[in-house]
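Here are some exercises to work through with the viewer open. Try each one before you read its solution.

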Amino acid sequence: MTLDSPTRINPMIRHRASHIGRAVPRREDRSPLMGRQRYIADLKLPGMLEVAFVRSPEAHARIVSIDTAPALALPGVHAVFTGADLADVDLFPHKILYIQPVRQPVLALDQVRYVGSPYAAVVATDRYVAEDAATLVAAYTEFEPLPTVADLDQALAENAPRLYDDWPDNYLVNFPAEKPEVTQAFEEADHTFSDTYVSQRQTGLPLECRGVLADVHDGYFTVWSSTQSPHIVRTTIAEMTGIPEPRIRVIAPAMGGGFGTKTHIYPEDVVMTWIAGKLGRPVRWLEDRFENLLTGVHARDQRHEVDVAYDDDGTIRAVRCKAICDVGSGEIFMPGTATVFVTGGCLTGGYDLPNMEVHHFCVVTNKTPSGAYRGFGVPEGMFVMERIIDRVARLTGTDPVEIRRRMILQEDQMPYEMHGGGRIDSGSHAKAFERAVEMIGESLELVRARYADDPDVRVGVGYTNYVEPTTPTYHLTTGFWAGGDSATIRVDPDGSVRVGLGTTALGQGTETTAAQLAAESLGLHPDDVTVVMGDTDRAPYGLGAWGSRSAIVMSGSILMAADRLITKARDIAAHLLEAAAEDVVLSDGNFHVSGSDAPTVSWSQVATSAWVRTLDLPRGMEPGLEMTGYFEPPELEHLPDMSGKVNAAASWSNGAHAGVVSVRISTGEIKIEDYVVVHDCGTMINPMIIDGQVHGGVAQGIAGAMYEHFQYDTETARPLFASFMEYLYPTCSEVPAMTVEHFETPSPEQPLGVKGCGEGGTIGPAAVVAGAVDDALADLGVEIKATPVTPSAIREAIREATAGGGER
Amino acid sequence: MMDTSPGSREVDVAATINGMQVTHRVPARLLLSDFIRDVVGLTGTHVGCEHGYCGACTVIVDGDAIRSCSTLAVQADGSTIRTVEDLATDGDLTPMQQAFHENHAMQCGFCTAGFLMTLESVDPDDYREPEQVVDLLSGNLCRCTGYQNIVNAVCSVWEVERS
């Protein structure tokens, strides 16, 4: 079988109405509405025990001793395991050769490197007792504190304490770069400036925390895990425990969100499987929010030291950027190292910048490991790029819209290769921006009029033009997996269809979308389609749901499997119709000879022949009506070429965001008055679901732009957060109503022209809010250089900008 | 020797949940959310933060919406409790549930029960302006939807005009 896969619906299908592009209502809604959805915390097994993990209260320390006896003496406690007990479990694998090996154990053995690091597990009759016992273990653990590093400056200081004794420094990734053409551009430009931009630490925080339920029967393990990648969880558990992979079934039950944070393979996935095997009975661990804040991967913690070369007329000739990511302790699989490369690769967003040089660094500190979160480095980069553009506009007296018009990608530049090797096959970059400018222009005037009589309030507008890499390679993230995914479609004797998918669902409406795709591909109705995913025994191997990849990989793999089914079904139908196969077409679920409506053969008749009345099959035909498509996205590359370039995403959606803010000068209070999104993800499968993805993405982008911040004590590297009281998760009052419009520029490369969506909404707000605040406070000379843009940050910026000129 | 461990003291909790009379002897420290979910077995009420902030665990006790994760089961002794399972009758969704579906006001669905119970606990006549609806909903967190479609769903059922 070649890798050539169909990119469009089989032409023998004649649809009366297409199921693609329709806002088909979600089939996922009824159970949660009625309180009947089954999330991980709703699953119980007879004889089940509950587990609590014991976590380090120290940011950096040696574990001197652990006395588990007091905990074991507590009524209801069955066992306490420490890292030493799990000696037969491998360290987490090291597969990315260009980074320092971390090789953390599933439970810390002799050293802890962040507050929250798990170092023991308690098994008890219920969670209350397990937590009592965990507290006792912690109380009887002796730590020897080590010097801490709480931020990049501390980690990179001369003679800084090192997290890993055998490393020369605290660099997990150290990739300087030098491009002669950039050096030359700096020499030739009229002006240069240098600046530093900062994205703060925040993360996805799905409303459902994580959890694992593991059971074993006769050497066959079943592991329910709240994960975005059940197959990868299975492969990793097998590799680390030595349990043969077919003897592990991983099930991702209904999930309460993930946003990237549940793509990682966490220690609990492995430890819980091991405990189930050790005790021979089911065990469950449910993460609480405190644990989730401390140990679910963090993200976005990046600093960008930029040099910019520009001319008097506002032309930006070159950007040099040192992108430095604080990845916390680095003790997570897969490592949090890929994000900063995505930041670098996508830094120019939807703009054509002649020269760029990005240096990539990941630095370890005594904080929670960082990893995947919706946007995956792109929001950080877009913030930098738009800040640069706004600053050049200001320095040269160029209109911020005009300067963007000059730089934005044009249709006749497609396909366009970015500096990092990303190849944008198509898009509506310029058109989307013009539409966003038009939309926001109207509300800008209204908002200005509203505050015209209030001298304390200023109004401003901000813009961003981003690209959204979708369906990325997993090889640069994991050093192991690549980018393909699969679908198995079976037509049952009653003519209905079961689709098994390697991707999974975490609340995005994937089942509904997949049913639309399968119906379209087989000439059926979505109601005829049942979708199965998130279960390694019932669905084919796949990499799961992340990187806005499901739309492309489902489209590709479903089309492949459907095409194979149709080829076989047509042969069967032709035999039953006593016609030539090439004359047979498929209309509204029935096979018939082209040009004649009767007689017809239904999918049910074909499937009954294939499975049941196999005597009706053409002589010599193999029975059965089930096919699998293993899809590798075209254009996707997994390794850089000699110059370091790689098209690490199969497709590139695009969008323009614009927002109007009001700023109250006396208090720094900031309000988003209007927000518009012009979005282009190619062919839309279900516009309602896509709008939902944009809304939710923008809300999370606003969370990062204005509210959420994981702060740490700089002396001790201890977290200054323990709950949602300190971590400002936006409510309905903080997220403004927004207007979303779409262009549909189909990908010429990807199946059905689909590009994928999910992360775009998250990319824009930090850049937009910062730009709008700068615009509002332009006459004060305020320049926002860091997120979150809080009232106190605005007051500080006003004080700095007006220092010497008398504070307002 | 008397068992003085923290979970040793037990109390009887009798309550009416969704019209059903239940009595259970439970640890005095048991949270109401765990009582409803684990003891009674109604898992439609979700626990999102366990510190009374996110609202996913919202249930109605004697007419008031409360956070079941920061209430002890024993505090609900003698009370009448309603949970999300009590909303639909014989499988027919309420107008609000139907509006959540039609407006795509839910994605992962984890927060949905909390929103529905908050909404169920109030008199719509007290919420005639969109800002009032937004204020009401601000006690419940949602990470997926960006809230816009939730506000739309509520406004459509309560006939509140959005500006």
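A:Pro415 sits in the loop of chain A that runs between helix 11 (400-407) and strand 17 (416-417); helices (H or I, at least four residues) and strands (E, at least two) are DSSP runs, numbered from the N terminus. The peptide bond joining A:Met414 to A:Pro415 is cis, with omega at about -10°.

Before going on, some housekeeping. Residues are numbered from 1 along each chain as its sequence is written, while chains are lettered from A and ligands numbered from 1 in the order in which they are written. This is a predicted model, in which local features need pLDDT of at least 70, side-chain atom pairs count only at pLDDT 80 or more, and totals for chains, interfaces and linings use all residues.

**Exercise 1. Work out what confidence the predictor reports for chain B and for the complex.**

Step 1: Start with pLDDT, the predictor's confidence in each residue, from 0 to 100. Chain B has a mean pLDDT of 95, and 96% of its residues reach 70 or more.
Step 2: For the complex, the predictor gives an ipTM of 0.97 and a pTM of 0.97.

**Exercise 2. Sketch the build of chain B, from its elements to its domains.**

Step 1: Count the elements: five helices and five strands. Their order from the N terminus is β-β-α-β-β-β-α-α-α-α.
Step 2: Get the extent. Along the principal axes, the C-alpha atoms of chain B fill a box of roughly 70 × 30 × 25 Å.
Step 3: Check burial. A residue is buried if 20 or more other C-beta atoms lie within 10 Å of its own, exposed if 12 or fewer, and partly exposed in between, with C-beta atoms placed from the backbone. Of the 163 residues of chain B, 51% count as buried.
Step 4: Look at where they touch. Contact between two residues means that their C-beta atoms, placed from the backbone, lie within 7 Å. Domain 1 of chain B puts in 14 residues and domain 2 of chain B twelve residues.
Step 5: On the domain 1 side, strand 3 (58-61) and strand 4 (64-67) of chain B each supply at least two residues, and strand 3 of chain B gives the most, with three residues.

**Exercise 3. Describe the side of chain A that touches chain B.**

Step 1: Count the partners: 46 residues of chain A are in contact with 46 residues of chain B.
Step 2: Pick out the elements of chain A that give two or more residues to this side: helix 1 (30-34), helix 3 (127-139) and helix 17 (687-707). Helix 17 of chain A gives the most, with six residues.
Step 3: Sort this side of chain A by class: 25 nonpolar, 13 polar and eight charged residues. Here Ala, Val, Leu, Ile, Met, Phe, Trp, Tyr, Cys and Pro count as nonpolar, Asp, Glu, Lys and Arg as charged, and the others, Gly among them, as polar.

How values were computed: Domains from an automatic or database assignment.
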